[in-house]
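Please brief me on this chain.

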Amino acid sequence: MELCGLLVLLFPPTERQMTETEKKDAIASIAQFHGTENWNRWSPLFPQHLLTDGAKYVADTFGAYWLMDAIASHTNNYKADQGVQFWTLRKNGKDGCTLVGRNDAGVEPFVRQTIEYTDFPTELMPFDIWAQRNMRDGQQPWVLMLETEY
């Protein structure tokens with residue numbers, strides 16, 4: 001079983017669906033995030049990975065911890081030129097999406113993961129998350145952030 005499939009079994013998505021108004025308000029709220037006040041741990045599976053306030057808001061609001069887990073599962077396997085990786089989630093087919101990781105714009109992706117089903121808002125796709133290595137407390141955790149938080 002793939003790691004993402006195991007994570008869904010361990011942490012099933014919530015049952016409550018957002019209303020269209022709530023969804024539009026939540027999407028509009030993403031633009032408010034510039035910089036961060038907190039670095040948040042979210043998973044014992046990825047103790048060297050942190051989320052900024054904006055990335056945590058997206059994960060909390062849209063049930064997208066699966067996206068953060070998917071990115072974290074790849075970050076250590078690929079070298080980050082300049083200490084940064086750029087991740088994009090794109091719509092793929094009716095219900096699916098593709099997660100693509102790059103070291104920079106215009107270069108070939110180092111990973112491409114197809115996700116057969118997602119309820120992540122298509123209005124947000126393509127959706128970008130940046131992963132950066134930061135020096136903190138003598139360690140170098142990966143920090144996942146919204147593009148506007150860099």
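**Leucine 89 and the model**

Leaving aside neighbours within four places in sequence, leucine 89 is in contact with Trp66, Leu67, Cys97, Thr98, Leu99, Ile115, Phe120, Met125, Pro126 and Phe127. Contact means heavy atoms within 4.5 Å. The model is predicted: local features need pLDDT of at least 70, side-chain atom pairs count only at pLDDT 80 or more, and totals for chains, interfaces and linings use all residues. Residues are numbered from 1 along each chain as its sequence is written, and side-chain values use heavy atoms, with hydrogens and water left out.

**Overall make-up**

- The chain has four helices and six strands. Helices (H or I, at least four residues) and strands (E, at least two) are DSSP runs, numbered from the N terminus.
- Read from the N terminus, the order of elements is α-α-β-α-α-β-β-β-β-β.
- The chain has 150 residues, and 43% of them are buried. Buried means under 20% relative accessible area, exposed over 50%, and partly exposed in between (1.4 Å probe, protein chains only).
- The accessible surface is about 8900 Å², and carbon and sulfur atoms account for 50% of it. Accessible areas come from the Shrake-Rupley method with a 1.4 Å probe; for residues, only the protein chains shown count as cover.
- Of the contacts between residues at least 6 apart in sequence, 51% join residues at least 24 apart.

- Six strands form an open sheet in the order 1-6-5-2-3-4, with mixed pairing. Strand 1 and strand 4 (111-115) are the edge strands, each pairing on one side only. The twist averages 20° from one strand to the next.
- Two strands pair if DSSP finds at least two bridges between them. In general, strands of a sheet pair through backbone hydrogen bonds, either parallel or antiparallel.
- Strand 2 (residues 84-92) and strand 5 (residues 127-133) run antiparallel and share six bridges. Here threonine 88 has aspartate 128 of strand 5 as its bridge partner.
- Strand 2 is also antiparallel to strand 3 (residues 96-102), through seven bridges. Tryptophan 87 stands opposite glycine 101 of strand 3.
- The hairpin of strand 2 and strand 3 has three residues between the strands, and its glycine 93 takes a positive phi near 75°.
- Strand 3 and strand 4 run antiparallel with five bridges. Threonine 98 has threonine 114 of strand 4 as its bridge partner.

**Helices on the sheet**

- Helix 3 (residues 53-62) packs on the sheet and touches strand 1, strand 5 and strand 6 (142-146). The direction of helix 3 makes about 75° with that of strand 6. Axes are lines fitted to C-alpha atoms, for helices over the stretch in contact, and angles run from 0 to 180 degrees between N-to-C directions.
- Helix 4 (residues 65-75) lies across strand 1, strand 2, strand 3, strand 4, strand 5 and strand 6. Helix 4 runs at about 135° to strand 2.
- Helix 4 is mostly covered, with nine of its 11 residues buried. Among them are Trp66, Asp69, His74 and Thr75.

**The core**

- The largest nonpolar core has 34 residues; Val58, Leu67, Met68, Leu89, Phe120 and Phe127 touch the most other members. Such a core is a set of buried Ala, Val, Leu, Ile, Met, Phe, Trp, Tyr and Cys residues joined through side-chain atoms within 4.5 Å.
- Helix 3, helix 4, strand 2, strand 3, strand 4, strand 5 and strand 6 each supply at least two residues of this core. Helix 4 gives the largest share, six residues.

**Histidine 49**

- Histidine 49 lies in strand 1 (residues 49-51). Histidine 49 is buried, at a relative accessible area of 2%.
- Its side chain makes a polar contact of 2.6 Å with that of threonine 75. A polar contact is a pair of N or O atoms within 3.5 Å; within protein, one must be able to donate a hydrogen and the other to accept it, and residues adjacent in sequence count only if both atoms are side-chain atoms.
- Not counting residues up to four places away in sequence, histidine 49 touches Asn40, Arg41, Trp42, Ala72, Thr75, Asn76 and Trp142.

**Loop sites**

- Aspartate 104 sits in the loop between strand 3 and strand 4. Aspartate 104 is partly exposed, at a relative accessible area of 44%.
- Proline 126 belongs to the loop between strand 4 and strand 5. The peptide bond from methionine 125 to proline 126 is cis, with omega near 0°.
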